[in-house]
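Morning, everyone. Please have the structure open on your screens, and we'll walk through it together.

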Amino acid sequence: MDRFKGIGVSRGVAVGDAFVIESERMPVRPRYIPEDQIEAEVERYDSAVVAAIEGIRDDQRRLTPRLGEEYLAIFETHIRMLDDRSLRDRVVERIRAGPMAAEAAADEVLRQHIQLLFEDKSTARWVSDIYDIQSRLHRILLGRSSGDLVELAEPAIIVAENLTPSQTVAFERGKVLAIAMEAGGETSHTAIIANALGIPAVVGLRGLTAGVRAGDRLIVDGGAGEVVTEPDQAILAQYVQIEHDIVESDRQLIDELHELPAETVAGRRITLYANIEFPYEVQTALDNGAEGIGLYRTEYLYMEKGREPTEEEHFEAYRSAAALMWPRPVVIRTFDLGADKATDSTGGPVTAEPNPFLGCRSIRLCFDRIGMFKAQLRAILRASVHGYVKILFPMITSLTELKRAKDILAEVREELDTEGYPFEPDVEVGVMIEVPGAAVMADAFAREVDFFSIGTNDLIQYTLAVDRGNPVVSDLFQPAHPAVMKLIKHTIEAGDAAGIPVAVCGQMSGDLSYLILLLGLGLRQFSTSPKITPELKRAIRLIKIEEAREIASEVMKEPSIERTIEILTTRSRELMK
Amino acid sequence: MRNTVRSSTEIPVDKDDGLHLRPMQVLVEKAAGFESKLTLARGGKLVDAKSIFEVMTLAAEKGPLVLQADGSDADEAVRALSGLLDKELGGG
């Protein structure tokens, strides 16, 4: 038995067998070339860079559903590095000076760069990023297949000297029990990604790879920053207990609240729905006490498969979710592809658009690909007899668009009827209110639909003309902007006046101070990631609706963002005491 | 044609954990939009502020960086980049 001490970067305890990843130090033999091939080698380098960037973009698309956008900023940085003029200048200079082959020149330049980064403790943490772009370039220039994708047959603990960010994100979900590696610091990418995946991780474990063989039994304690190899029975029992306690305290919060309704102090009933991307999340939603699926983001079916799902695949996904949730509702949003979620699976690459967020995305893409849209609607209607299914159209901006979507739905109904498929004749239809124009016209929409769902992320983005994924302007993305508040308030009131339910399904309701504000504005339905449902329920049970109303009316009089935030933070802190 | 001017400023890096890749990337992207030659310096090391590859080799801990610009839009560049870095790196 041995103990290794490192830095715990993602909490939790895992017990399992080691899967050791050999460091990828593909040695590159210097290959010299005749002078007349210099230009060809320079060109080969340039196209390798282009291919490497394409490869990163592919990974980005593939992994966004698994990790969420913010974690993928790593890839943007790698693209920037590959595209760097200074890197290119140096590589081209080496090719000419040799004259040598592109891979040998790139290898020399990057190795020198790594040496330089290792000279200072504060820059050494970026070495794994350089390894990453180095291995991408090598694979392309040497024609080797992707060595990054590690196939794990059984769940295991990953042990490595250093993992590149690409390697870390490429693991199959559920197969990695924990990560233990020699390199890295607290802010390393592995740390960030392990947190996102919710698995324990310890980095900075000196001598680990020399002391561990594949298949060794390991304990990884992410909280204490410790790894124990081949533990004896006593130690093992101790850690199994710790692991159990952690899981238990999470469960406790869930159990404590499971049978209790989400209601405010005065007994006002609030409905908590869950947002899901995949059918298997339905179980998590149920376990955590969600009262339905408020938003099923079906575009992930397309992104996960990398192609258009067949009608049967759609049907099976919706049927299983609806059946499992029954009698609770499942709101299925038709595919919200395009813009940042552009994929080949939408039936060929979306044409390059100068302003994709203002272009052919979401419902507009549905209209552009009628066949694809109809296949999905058929599957949703067919699933409607297996549970309580509702249809939600995204990014509607005008009544004309809404009418068109409903007409297509009516055509599909007729087709199914003729073919003899059973379906629920009165499936409820709702629209996402996520474009300012639709929010302003909410009263007109309210007469035409059965429910509203406010998509705060896009509503904020379009109201304030800011791309929150763009780091240069992302600080302008302000949910507290009075214009956003007014649009949300107007939408809630329009829904109330028409007697149709209104839910908020953006990230906004996951923030406690906004939760209070939205309650104060009259919102009674929330749809969030099922992970935070217990947390929200606990908060709601502490809130007095009158106080929330007071806060909301104070905020609605306030024209400044800064003051709004101040009011929200101080008042919500008082309220939650 | 405007004359070539030189402009420079000192930028404090106050965050305890120093520089991160993301603000550097933002800096480099913004720097690329200026015509002037832009240099970042720290501890006797000078690098091209338009290259993330070079900027990442500057020791990244707490302490001041010097930004220097040479060219027709030197003043604007210094103003824009120091404002940006102040926002990204100040405090915390």
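Let's begin with a term. A polar contact is a pair of N or O atoms within 3.5 Å. Within protein, one atom must be able to donate a hydrogen and the other to accept it. Residues adjacent in sequence count only if both atoms are side-chain atoms.

One caution before we use that term. This is a predicted model.

Now, the interface. How many residue pairs are in polar contact between chain A and chain B? Seven, with both residues at pLDDT 80 or more. Which parts of chain A face chain B? Five helices each supply at least two residues of that side: α2 (73–82), α3 (85–97), α4 (102–118), α5 (121–124) and α6 (127–141).

On the chain A side, 27 residues take part, and they meet 24 residues of chain B. The area buried between the two chains is about 2,100 Å². Carbon and sulfur atoms give 64% of that area.

Next, charge. Two salt bridges are counted between chain A and chain B. One of them pairs A:Arg80 with B:Glu29. Their closest N and O atoms are 2.9 Å apart.

Leaving aside residues up to four places away in sequence, B:Ser51 touches A:Asp84, A:Ser86 and B:Val28. Is B:Ser51 buried or exposed? Its relative accessible area is 2%, so B:Ser51 is buried. The cut-off for buried is under 20%.

Now chain B as a whole. Chain B has three helices and four strands. Read from the N terminus, the order is β-α-β-β-α-β-α. There are 92 residues in chain B, and 51% of them are buried. Take the contacts in chain B between residues at least 6 apart in sequence. Of these, 72% join residues at least 24 apart.

Over to chain A. Look for the closed barrel. Eight strands build this barrel, in the order β9-β10-β11-β12-β13-β14-β15-β16, with parallel pairing. On average, neighbouring strands are turned by 25 degrees against each other, direction ignored.

Zoom in on one pair. Strand β15 (residues 502–504) and strand β16 (residues 525–528) of chain A run parallel, joined by two bridges. In that pairing, A:Ala503 has A:Gln525 in β16 as its bridge partner.

Next, some backbone details in chain A. Where are the cis peptide bonds I want you to see? One runs from A:Gly98 to A:Pro99, with omega near -20 degrees. A:Pro99 lies in the loop between α3 and α4. Another runs from A:Trp326 to A:Pro327, with omega near 5 degrees. A:Pro327 belongs to the loop between α13 (311–325) and β11 (329–333).

Last stop: positive phi values. A:Glu230 is not a glycine, yet its phi is positive, at about 40 degrees. You'll find A:Glu230 in the loop between β8 (226–229) and α10 (233–258). A:Ser362 is not a glycine either, and its phi is near 55 degrees. A:Ser362 sits in the loop between β11 and α14 (363–368).

How do their surroundings look? A:Glu230 has 40% relative accessibility, so A:Glu230 counts as partly exposed. A:Ser362 has a relative accessible area of 0%, which means A:Ser362 is buried.

Definitions and conventions: Residues are numbered from 1 along each chain as its sequence is written. Chains are lettered from A and ligands numbered from 1 in the order in which they are written. This is a predicted model: local features need pLDDT of at least 70, side-chain atom pairs count only at pLDDT 80 or more; totals for chains, interfaces and linings use all residues. Side-chain values use heavy atoms; hydrogens and water are left out. Buried means under 20% relative accessible area, exposed over 50%, partly exposed in between (1.4 Å probe, protein chains only). Contact means heavy atoms within 4.5 Å. Two strands pair if DSSP finds at least two bridges between them. Axes are lines fitted to C-alpha atoms, for helices over the stretch in contact, and angles run from 0 to 180 degrees between N-to-C directions. Buried area is the accessible area (1.4 Å probe) that two parts lose on being put together, summed over both. A salt bridge is a side-chain nitrogen of Lys or Arg within 4 Å of a carboxyl oxygen of Asp or Glu.
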